Amino acid sequence: MKVLLLKDPKEDDCGQDPYVRELGLYGLEATLIPVLSFEFLSLPSLSEKLSHPEGYGGLIFTSPRAVEAVERCLQKDTKAEVWKKSLKEKWNAKSVYVVGNATASLVNRIGLHTEGETCGNAEKLAEYICSRESSTLPLLFPCGTLRREILPTVLTDKGILLESITVYQTIPHPGIQGNLSSYYTQQGVPASITFFSPSGLTHSLKHIQELSGDSIGQIKFVAIGPTTAHALAAQGLPVSCTAESPTPRALAAGIRTVLQPHAC
């Protein structure tokens, strides 16, 4: 049974995307099609802020792209050396809060220890931070142009200082229409389509509706989390499943339940 995942392919240590592998364990043939691209912004300003950990109570990461922005700052020779020698240790003496295991693994890759990764979304992370944070210094929050306001609002209401810096913007992937068209031509209408963000839904839905035609009613629409599920519902699409957590295993289990209910 063929399923479509609207996300970038990401190989793990085994050389395979973990979502493809987990779905394969259930006999589901997954194809990944990226629907979003990203442009990085304000990296010199972010680099400057990263050079002064003494001015912050910690860091917050709610997306892999924000971590990638930090990585790009660290790729410069002088910055990489200073990071290894002193900055990394100074940031590790503070709290580094993250949403999700995927983001946490990227933060770990740059040498930082994380907490809060089991929080499935920004709202839960905000609650976690409120229960832990006591610093009088602001938390540094690299984020994208499409960030939701729930985390800043909750922290501000609790008197926790936050310094946001916009470090990337989301744009449609240039190959989205062609890649989707090729998929439908070669594979046909998928049994399910999983969306990984509201913006991914925005940029792909029109093409999916055109390509699916009258068969769109047979597709099971799946969301990686509650925010994306709300966006699907707002478009009038039935949400067959929302992953219990934003992980390959949880998503695969959810899709299996929807497509193979008698196998569970």
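T247 is placed in the loop between strand 10 and helix 11. In this structure, which is a predicted model, T247 has a relative accessibility of 18% and therefore counts as buried, the cut-off being under 20%. When neighbours within four places in sequence are left aside, the contacts of T247 are with Y19 and N101.

Helix 11, which covers residues 248–259, comprises 12 residues, and the distance from its first C-alpha to its last is 16 Å, close to the 16 Å expected at 1.5 Å a residue. Its buried residues are A250, L251, A252, G254, I255 and L259.

Another part of the chain forms an open sheet of 5 strands in the order 3-7-6-4-5, with mixed pairing. Strand 3 (36–40) and strand 5 are the edge strands, each of them pairing on one side only, and the twist from one strand to the next averages 25°. Within this sheet, strand 4 pairs with strand 6 (residues 139–144) in the parallel sense over 2 bridges, and L140 in strand 6 is the bridge partner of L59. Helix 2 packs on the sheet and touches strand 3, strand 4, strand 6 and strand 7, its direction making about 145° with that of strand 7. Helix 5, for its part, lies across strand 4 and strand 5 and runs at about 145° to strand 5. In the loop between strand 3 and helix 2 is S42, which has a positive phi of about 55° although it is not a glycine. With a relative accessibility of 38%, S42 counts as partly exposed.

In soluble globular proteins, nonpolar side chains tend to be buried together. In the present model, the largest nonpolar core has 24 residues, and those with the most contacts inside it are L46, L50, L59, F61, W91 and L112. At least two residues of this core are supplied by each of helix 2, strand 4, helix 3 (64–74), helix 4, strand 5, helix 5 (101–109) and strand 7 (162–172), with helix 3 giving the most, at 6 residues. The surroundings of L59 illustrate this packing: not counting residues up to four places away in sequence, L59 touches L50, W91, S95, V96, Y97, L112 and L140.

Leaving aside neighbours within four places in sequence, W83 is in contact with L74, K88, W91, I110 and L112. The C-alpha atoms of W83 and L140, by contrast, are separated by 17 Å, the two residues being 57 residues apart along the chain.

A pair of aromatic rings is described by the distance of the centres and the angle of the planes. With ring centres required to lie within 6.5 Å, the count comes to 6 aromatic pairs. One of these pairs joins Y56 and W91, whose ring centres are 6.0 Å apart and whose planes stand at 25°, so the pair is stacked. This pair links distant parts of the chain, 35 residues apart, since Y56 is in the loop between helix 2 (43–50) and strand 4 (58–61) whereas W91 is in helix 4 (residues 77–92). Both partners count as buried, Y56 at 7% relative accessibility and W91 at 0%.

The rings of Y97 and Y128 have their centres 6.1 Å apart, with their planes at 75°, and the pair is therefore edge-to-face. Because Y97 lies in strand 5 (residues 95–98) and Y128 in helix 6 (residues 122–132), the pair ties together parts that are 31 residues apart in sequence. Y97 counts as buried at 1% relative accessibility, whereas Y128 is partly exposed, with a relative accessible area of 23%.

Conventions
Residues are numbered from 1 along each chain as its sequence is written. This is a predicted model: local features need pLDDT of at least 70, side-chain atom pairs count only at pLDDT 80 or more; totals for chains, interfaces and linings use all residues. Side-chain values use heavy atoms; hydrogens and water are left out. Rings of Phe, Tyr and Trp (its six-membered ring) pair if their centres lie within 6.5 Å; planes under 30 degrees apart count as stacked, over 60 as edge-to-face and the rest as tilted. Helices (H or I, at least four residues) and strands (E, at least two) are DSSP runs, numbered from the N terminus. Buried means under 20% relative accessible area, exposed over 50%, partly exposed in between (1.4 Å probe, protein chains only). The expected span of a helix is 1.5 Å times one less than its number of residues. A nonpolar core is a set of buried Ala, Val, Leu, Ile, Met, Phe, Trp, Tyr and Cys residues joined through side-chain atoms within 4.5 Å. Contact means heavy atoms within 4.5 Å. Two strands pair if DSSP finds at least two bridges between them. Axes are lines fitted to C-alpha atoms, for helices over the stretch in contact, and angles run from 0 to 180 degrees between N-to-C directions.
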